[in-house]
Amino acid sequence: MIDGDRLLAGLRTLRGFGAEGTGVVRPTFSDPDMRARRWLRDEMVAAGLTARIDGVGNVVGTSPNHGPALLIGSHSDTQPTGGWLDGALGVVYALEIARALLERPDTSHLAIDPVAWSDEEGTYTSCLGSRSFAGRLTDDALTDRNASGESVAEAIERVGLAGVERARLDPARHVGYVEAHIEQGPRLEDSGDLIGVVTSIVGIRAVRVTVSGEQNHAGTTPMHRRADAGVVLFEFGHRVQQRLAKVAGPATVWTIGRAALAPGAESIIPGVASCTLQFRDPDDERLQVMEASIVELAAELSGRGPCTVSVERRRAPIPPTVMDPSLREHLRAAAEAHAPGRWAEMASAAGHDAMELAHVLPCAMVFIPSIGGVSHAFAEDSHPTDIVRGAEVLADATLRILTDGHLTRTPAG
Ligand SMILES: [Zn+2]
């Protein structure tokens, strides 16, 4: 249904914007990012769509056909040192599917609106573009800053988008959103499956654990007189591994990504020690149990003394996002048609723009295998045959969705 060579050529062209070795450096609102967005806009126009870059940098294509329209897309920005397929894959799929279906006489009446979201990766603020499109962007997000201290609003001004209208979901037109993405993990490769149909996007919670002891001289303070915050933090780190393993499901992950001893000197007993602990799972109840278990361990260590251990949430919990059952059904049918017996249903362990869109529109996602499960790295890659197959599956699912006749406009929640 689609043109595999044209698809791969498009991906390689997009890779050229910000290419560094095998990787890509194309953070949001950088020069390569804006050049890539202008290229995408021009490609959409050449494909027969109307297209524009909106007030937050989204590239939004609109089919000349009347709705119901299916939104297809992903993000075209990258991590500070990113791979060439993360986001780009889903964006070029959307472009190719919109173009291919318009070209074919039997599908040229269908409406596909391709989109490349802005700043999914959170160079300034995560999922900037999809939040804006879904009407969920608050004004305070525009004051969020990148690592050099530039705010979203300042960046929008710098790239010439100040005053440009932001694109918004059209409830009378858009009936759903589908996003293809590389898996970014090893599960498909390990199982030998070729396509992943996403059931839900995991929820994320994160806490900060702070141990308070007593700062003192590392030479003159006898061991029995110490309240060493560092020692208790290490014990917490070890015991939390065992506790969480007891309540973990197959998709549960947790990470102590950051730890610090204060004041952090060789000859000082740490007075304060802290760490972050992030945990993810597709099941919100399990996330609650995990959080309770962490709090319980902290209370236990605190009660024992002499240090106190406190736990506070680092951010509002992000609940799991369930993908729309009827869109998923179409993806399953398309996966079975193009990879019979070699596709799997799976949760997404990474966050995606679909999380934002799911608040206002039925959403579904499809994954293709990542070589070695590597992503957010220059080594990120996928086999060309897998890339083309994924686009075929999504194109097939698009046809099934748009000719279903039971299109629902109820949000997946
Ligand atoms: Zn991504």
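Donors, as the term is used here, are N, O and S atoms within 2.8 Å of the metal (3.2 Å for Na, K and Ca); water is not among the atoms, so sites may look incomplete. The model is predicted: local features need pLDDT of at least 70, side-chain atom pairs count only at pLDDT 80 or more, and totals for chains, interfaces and linings use all residues. Residues are numbered from 1 along each chain as its sequence is written, and side-chain values use heavy atoms, with hydrogens and water left out.

**The zinc site.** Select the zinc ion, which is coordinated at 1.9 to 2.2 Å by His75 (NE2), Asp86 (OD) and His181 (NE2). Along the sequence, its donor residues follow the spacing H-x10-D-x94-H. His75 belongs to strand E5 (residues 69–75) and Asp86 to the loop between E5 and helix H3 (88–103), so this pair ties together parts 11 residues apart in sequence. Helices (H or I, at least four residues) and strands (E, at least two) are DSSP runs, numbered from the N terminus. Both His75 and Asp86 are buried, where buried means under 20% relative accessible area, exposed over 50%, and partly exposed in between (1.4 Å probe, protein chains only).

**The cysteines.** How many disulfides does a search of the whole structure find? The search finds 0, a disulfide being a pair of cysteine sulfur atoms within 2.5 Å. The sulfur of Cys275 has its closest cysteine sulfur in Cys307, 14 Å away, which is too far for a bond. Cys275 is buried at 3% relative accessible area, and Cys307 is likewise buried at 3%.

**The salt bridges.** The structure holds 26 salt bridges, each a side-chain nitrogen of Lys or Arg within 4 Å of a carboxyl oxygen of Asp or Glu. Asp113 is in strand E6 (residues 111–117), whereas Arg173 is in the loop between helix H5 (152–158) and strand E7 (174–182), so the pair ties together parts 60 residues apart in sequence. Asp113 is buried at 2% relative accessibility, and Arg173 is buried at 13%.

Move to Arg400 and Asp396, which form a salt bridge of 2.8 Å, N to O. These two residues lie 4 apart in helix H11 (residues 384–402), a separation of about one helical turn. Arg400 is partly exposed at 29%, while Asp396 is buried at 11%. Finally, select Glu235, Arg239, Arg243, Glu296, Glu300 and Arg304, which salt bridges with shared partners join into one network.
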